[in-house]
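Grab a pencil and keep the viewer open. Here are a few exercises on strand pairing and packing, with solutions worked through.

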Amino acid sequence: MVKNKVILSLFVIGLVALLMVVPSCKKSGDTSATPSDSSAEKPAEQPPEQPVETPEQPVAEATELVPLEIELPKPMFVGTPTPMNIENLEKPLGKERPLLQVPKGVKMLSLDKPVTSSDDEPIIGDLEQAVDGDKEGIDGSWVELGPGKQWLQIDLEKPAEIYAIVIWHYHREEGHVYKDVVVQVADDADFISNVRTLFNNDIDNSSGLGIGQDKHYVETAEGKLIPAKGVKAQYVRLYSNGNTSNNLNHYTEVEIFGK
Ligand SMILES: [Ca+2]
Ligand SMILES: [Ca+2]
């Protein structure tokens with residue numbers, strides 16, 4: 001009996017000792033694994049969240065959009081222009097043109113910049129009148145280029161991100177539509193390098209600059225606004241090929257906005 005009790009108590013002591021050792025082993029195993037695991041996981045989870053948030057802020061600041069204010073001349077006629085029998089003609093909006101949203105810091109770049117043309121001896125006025133800031137519809141405000149296909153070109157004097165081009169051909173009288181209006185930008189004055197077309201309503205490619213998808217439009221005091229989406233270029237060239245009243249080409253003013 002005594003022998004059995006001793007064996008039993010030894011067994012119990014042994015069991016208790018074993019139970020005490022096993023959890024301590026587990027604990028020491030856990031504690032050695034847990035800090036290294038958590039220290040490895042936590043920094044790995046956090047950094048991807050931070051870089052995602054951080055770059056978003058500068059991008060949002062850079063593309064902050066503001067309405068482009070365009071100073072308009074006095075209208076020379078009131079009401080919607082009479083419908084005309086011309087193919088692919090844009091319908092009048094019947095209200096003021098909505099303001100174009102452009103990045104903050106965009107301003108007019110074209111005032112008094114150098115102007116050249118396919119017709120360097122205009123019939124009326126001087127080429128410089130296209131960028132002199134006078135866009136009124138009265139006599140003496142426009143330059144008249146010769147008949148047929150002609151172009152007028154503005155040199156911004158350095159490459160710029162262009163966001164809008166506004167053209168006033170001639171808005172003294174109602175119902176003028178200019179033909180084969182094509183607006184291109186390029187890196188060089190000869191329009192050989194990196195030429196991009198921003199507007200083209202030459203639907204039959206009679207000017208040889210490609211088939212245009214844009215619509216004909218009636219001249220008004222609002223001018224024609226051509227969005228340019230930040231295209232980078234130094235030179236802007238504007239083509240036309242007469243108008244619905246005669247075969248001459250006119251520029252009252254051209255404004256190029258960018259930064
Ligand atoms: Ca002018
Ligand atoms: Ca044509």
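Start with one pair: Val 183 stands opposite Leu 238 in β9. This is a predicted model, where local features need pLDDT of at least 70, side-chain atom pairs count only at pLDDT 80 or more, and totals for chains, interfaces and linings use all residues. Residues are numbered from 1 along each chain as its sequence is written, while chains are lettered from A and ligands numbered from 1 in the order in which they are written.

**Exercise 1.** Work out which strands pair with β7.

*Solution.* Strands here are DSSP runs of E, at least two residues, numbered from the N terminus, and two of them pair if DSSP finds at least two bridges between them. Step one: β7 (residues 182-186) runs antiparallel to β9, with 5 bridges; Ala 186 has Tyr 235 as its bridge partner there. Step two: β8 is joined to β7 by 4 bridges, also antiparallel, and Val 185 sits opposite Arg 196.

**Exercise 2.** Explain why β7 counts as largely enclosed.

*Solution.* Buried means 20 or more other C-beta atoms (placed from the backbone) within 10 Å of a residue's own. In β7, 4 of the 5 residues are buried, so the rest of the structure largely encloses the strand.

**Exercise 3.** Find the residues that touch the most other members of the largest nonpolar core.

*Solution.* Such a core is a set of buried Ala, Val, Leu, Ile, Met, Phe, Trp, Tyr and Cys residues joined through C-beta atoms within 7 Å. Among its 40 residues, the answer is Ile 165 and Val 254. As for elements, β6 gives the most, 11 residues.

Methods. A residue is buried if 20 or more other C-beta atoms lie within 10 Å of its own, exposed if 12 or fewer, and partly exposed in between; C-beta atoms are placed from the backbone.
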